[in-house]
Amino acid sequence: MTLRSLATLLRPSQVFTLRGGVHPETRKHLTCDAEVVDMPVPPLLRVPLQQHSGAVAEPLVARDDLVLKGQLIGRARGAMSANIHAPTSGRVIAVGHYTAPHPSGLPVPTITIRADGEDRWGEHLPRLRPEIADPDEIAAQIERAGIVGLGGAAFPAAVKLNQRKKYPLDTLLLNGAECEPYLTCDDRLMRENAEELVDGAGIMARALGVERIIIAIESNKPEAIAALRRHRMALGVALSVAVVPSQYPMGSAKHLVLAVTGKEAPARARTAELGVLVYNVGTAHAVHLAVRYGEPLISRIITVSGGAIARPANVRVRIGTPVSDVIAFCGGIEGSADRVLLGGPMMGLPIQNLRVPVVKGTCGILALSPAETRPRDSMPCIRCGSCVQACPCGLTPFDLNARIQSGDLEGAVKIGLMDCIACGSCAYACPSSIPLVQGFDFAKGKLAERQSRKHQAEEAKRLAAARLAREAAIAEAKRAMMARRKAEMAARKQAEASDGAGLAAPAAAPRSPAPGAELQP
Amino acid sequence: MTAHLPPPRIAAAPHTRTVFTVPRTMLTVIAALTPATLLGLYQFGWPAIFLFAVTLAAAWLFEIACLWVAGKPLAMFARDGSALLSGWLVAMTLPPYAPWWVGVIGAGIAIVIGKHLFGGLGQNLFNPAMVARAMLVIALPVQMTTWVAPVGLLQGPDLWQGLAITFAGAIDYDVLASASTLSAVKSQLGAGAAMADIAPGLAGLQDRLLGHVAGSLGETGTVLLALGGLVLVALRIITLAIPLSLLGTLSALSALFWLIAPDRYPSPLLHLTSGSVMLCAFFIATDYVTSPVSAAGKMIYGAGIGALVFVIRSWGSFPEGVAFAVLLMNACTPLIETYVRPRVFGRTRSGKPLPLVSGTGPGGRR
């Protein structure tokens with residue numbers, strides 16, 4: 001503790017450093033000075049019913065229905081899900097399946113809307129006065145508006161908000177680190193909509209009942225820092241800006257909490273258990289719109305960038321806009337693109353089909369040229385230790401990879417495979433270009449598959465055993481019944497035989513309940 | 001618009017990579033070695049230049065032959081620079097006037113036995129250059145301990161004499177013969193002389209720092225080697241963990257014994273500025289493949305080498321013990337690696353999740 005306090009004396013901002021991490025070229029200059037532009041509504045929108053982690057929403061419209069902007073078209077199903085709203089007015093032309101904005105290219109339930117060009121609002125959600133509203137009302141409003149985490153993982157915001165009932169919270173941490181290269185949508189949002197964002201943060205803080213709000217921003221966004229430093233309070237809750245070092249993966253929730261508060265979340269625990277809840281800054285803005293204006297989440301800001309994009313820009317697009325339309329709006333693809341990604345280059349997802357839609361969790365569309373991706377053949381590991389130095393989780397990626405390659409998945413788990421956050425720092429730093437994260441993802445998938453297969457086998461065994469027991473019981477019951485009947489018959493015969501003394505016959509039938517009925521499960 | 005997209009293929013995150021590659025790393029190490037090498041080549045003249053060229057060429061040819069036999073892709077591996085670096089390090093540890101076949105055998109041992117018998121790049125347990133050095137010292141004690149004075153390229157043998165020395169073994173040793181600092185100390189201490197009497201006969205500190213002493217081809221330029229090493233540290237190719245712990249342990253141990261018995265043990269300064277300690281600390285012990293990966297493991301490994309170097313120099317039968325010290329610690333690397341791991345985020349050193357104490361800083365757990 002003594003050492004720590006000495007160290008904080010030297011660091012006036014009270015920011016704690018992280019182990020590991022990498023410093024990829026940020027290339028944020030491509031878009032960081034470009035003001036957010038509204039993209040016109042495209043003629044065709046495809047709104048997937050699963051844009052969040054959790055269950056698929058239930059469609060509320062059918063083909064040929066007319067929908068209005070902001071109308072609820074998919075209702076959250078179960079506790080972990082989110083509402084889906086119509087991004088514009090128009091006609092539903094299909095309720096079916098369409099390719100997911102995911103490398104798998106698997107179909108996902110999707111509502112396709114042909115825009116009528118009028119962009120007519122339907123009924124807004126009821127507005128709230130957050131100053132007097134009950135926390136539960138605010139949470140319900142956030143849930144109604146279908147807000148999910150806009151940082152990429154798309155975790156339903158209301159579900160996270162409800163952790164307030166489980167853990168004592170003291171801090172709302174807004175994540176404006178934006179550590180992924182290229183992406184500047186959060187930066188622009190913080191610069192242009194600081195006031196709204198702070199209001200949204202205040203609403204969330206009131207709903208959570210926390211006493212302070214911290215907005216964490218990487219040091220490479222001075223304008224955003226300056227814009228937010230103008231605010232000291234948000235709806236009566238103290239607000240401060242924490243400047244964190246520009247280092248990937250600073251935006252990882254647990255690492256950000258460590259950097260800002262000095263508290264390290266235990267393995268497998270949530271940051272809420274430390275009293276800190278982390279939201280993306282974009283989520284706070286969406287909350288502001290939902291609570292103050294009753295607008296559901298139907299658009300978001302995305303960064304369109306990369307060496308192969310003709311005019312890199314930050315664009316506010318409607319959810320459901322095809323990626324190809326967004327790229328075309330930004331001048332199309334120029335030269336040769338090595339790959340097109342959704343998200344940042346470190347953790348983003350490559351897509352093959354450019355007709356897939358933008359969803360709530362899409363923070364960027366990147367078309368990268370080969371000069372940026374630097375595709376190379378991988379070489380053997382030379383144990384240089386770059387991956388160990390880069391790992392923010394204290395793992396030994398080269399060792400994990402060696403164990404996975406030799407099929408020793410249990411050994412990999414033993415040295416921390418499950419603590420990997422798949423940030424990609426190791427694979428970025430590897431001079432041999434070994435696809436480390438890919439290997440870890442493979443191993444995690446394999447283990448999950450094994451687990452589910454084991455579970456299935458156990459379940460099958462349990463069912464088989466139950467069935468055998470049931471059958472045995474039924475057979476036993478039948479046998480008992482037969483025996484009883486035989487005895488009854490014999491008794492009756494005897495009674496008939498012994499003639500005149502017919503009084504004894506009914507007494508032979510036992511009055512006990514049938515044993516078979518009891519054993520039936 | 002889609003016409004520009006390449007055909008579908010699997011691409012996994014991350015979608016960008018560091019500019020550092022294996023060949024680039026190897027070439028940077030070679031560049032850092034170059035000043036000290038040039039100094040050695042200048043000091044020892046034409047025979048050293050020929051021996052150096054022969055050793056490098058042999059290492060590369062052995063590499064290609066091994067890759068071909070193993071059926072590995074030649075185009076990728078022959079250009080990775082690792083064989084060049086191994087050959088370079090072998091050449092730097094050879095006596096400058098050694099005949100050409102010593103260089104060829106050294107390169108062969110390093111590449112074939114030291115590297116490819118274990119499975120090639122990244123698979124070897126022992127440092128190839130040190131395997132070669134150790135085998136040569138044991139098998140060819142005469143050729144490997146024949147030292148010459150650093151007379152300089154212009155004053156030494158001319159081109160033709162150089163060719164004769166390297167390729168025909170023709171040499172008038174009496175003219176140039178000289179003893180390396182460590183072998184002089186060893187033999188005279190063994191004969192019962194006190195350090196105070198030996199010291200005046202040794203090369204001065206300035207000569208030892210600037211490479212004006214007898215010794216192996218590339219080990220004498222102490223200052224240039226240290227500077228080259230620091231460049232590698234600045235470029236983040238190596239960390240200071242191994243050099244610091246190695247040099248620190250060696251200085252500490254030698255200082256301790258020197259303070260106890262100054263007549264029987266040479267000073268720490270002499271230990272640090274003679275033999276191939278500096279070459280070892282920055283370029284040999286820091287070899288990626290054969291050293292531990294974690295910072296703590298590196299400290300243990302470096303300290304082990306430092307201690308073994310002192311032990312072998314002081315009480316062993318060889319005047320210089322760097323090669324054996326490195327090989328012994330190479331053998332310990334897997335063990336160190338198993339027991340010394342970084343602490344996993346959110347877990348204690350023993351692997352249990354951290355206790356949940358809100359409001360506690362991480363100070364004690366780092």
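This is a predicted model: local features need pLDDT of at least 70, side-chain atom pairs count only at pLDDT 80 or more; totals for chains, interfaces and linings use all residues.
## A tour of chains A and B

Start in chain A and select helix H2 (residues 135-144) together with helix H5 (residues 194-208): their axes come within 8 Å and cross at roughly 125°. That angle makes H2(A) oblique to H5(A). The crossing of H2(A) past H5(A) is left-handed. Show side chains at the contact. From H2(A), pick Pro135(A), Ile138(A) and Ala139(A). From H5(A), pick Ile203(A), Arg206(A) and Ala207(A).

**Next stop: H12 and H15 of chain A**

Which residues make the contact between H12(A) and H15(A)? On H12(A), highlight Pro397(A), Leu400(A), Asn401(A) and Ile404(A). On H15(A), highlight Leu436(A), Gly439(A), Phe440(A) and Ala443(A). The residues of this contact divide into six nonpolar and two polar, with no charged ones.

**A glycine in a loop**

Now centre on Gly343(A). Look for it in the loop between E16 and strand E17 (349-351) of chain A. Is Gly343(A) buried or exposed? Gly343(A) has 25 C-beta neighbours inside 10 Å, so it counts as buried; the cut-off for buried is 20 or more. Leave out residues up to four places away in sequence, and Gly343(A) touches Gly152(A), Gly348(A), Leu349(A), Cys363(A) and Gly364(A). Then draw a distance from Gly343(A) to Ser252(A). The two lie 91 residues apart along the chain, and their C-alpha atoms are separated by 15 Å.

**Where the chains meet**

Chain A puts in 68 residues and chain B puts in 43 residues. Which elements give two or more residues to the side of chain A that touches chain B? Step through them in turn:

- helix H1 (2-10) of chain A
- helix H7 (253-261) of chain A
- helix H9 (323-329) of chain A
- strand E16 (339-342) of chain A
- helix H10 (370-373) of chain A
- helix H14 (425-429) of chain A
- helix H15 (436-497) of chain A

The residues divide into 38 nonpolar, 16 polar and 14 charged.

**Zoom out: chain A**

The secondary structure of chain A comes to 16 helices and 18 strands. Its radius of gyration is 30 Å, well over the 24 Å that the globule rule gives for 521 residues, so chain A is more spread out than a compact globule. Its C-alpha trace spans about 115 × 60 × 50 Å along the principal axes. Buried residues make up 50% of chain A. Of the contacts in chain A with a separation of 6 or more, 73% are between residues 24 or more positions apart.

**Last stop: chain B**

Expect 17 helices and zero strands. A compact globule of 366 residues would have a radius of gyration near 21 Å; chain B has 23 Å, which agrees. Along the principal axes, the C-alpha atoms of chain B fill a box of roughly 75 × 60 × 30 Å. In chain B, 51% of the residues count as buried. Among its contacts between residues at least 6 apart in sequence, 76% join residues at least 24 apart.

Conventions: Residues are numbered from 1 along each chain as its sequence is written. Chains are lettered from A and ligands numbered from 1 in the order in which they are written. Helices (H or I, at least four residues) and strands (E, at least two) are DSSP runs, numbered from the N terminus. The radius of gyration is taken over C-alpha atoms; the globule rule is 2.2 Å times the number of residues to the power 0.38. A residue is buried if 20 or more other C-beta atoms lie within 10 Å of its own, exposed if 12 or fewer, and partly exposed in between; C-beta atoms are placed from the backbone. Two residues are in contact if their C-beta atoms, placed from the backbone, lie within 7 Å. Axes are lines fitted to C-alpha atoms, for helices over the stretch in contact, and angles run from 0 to 180 degrees between N-to-C directions. Angles under 35 degrees count as roughly parallel, over 145 as roughly antiparallel, 65 to 115 as roughly perpendicular and the rest as oblique. A crossing is left-handed if the near helix is turned anticlockwise from the far one by less than a right angle, and right-handed if clockwise. Ala, Val, Leu, Ile, Met, Phe, Trp, Tyr, Cys and Pro count as nonpolar, Asp, Glu, Lys and Arg as charged, and the others, Gly among them, as polar.
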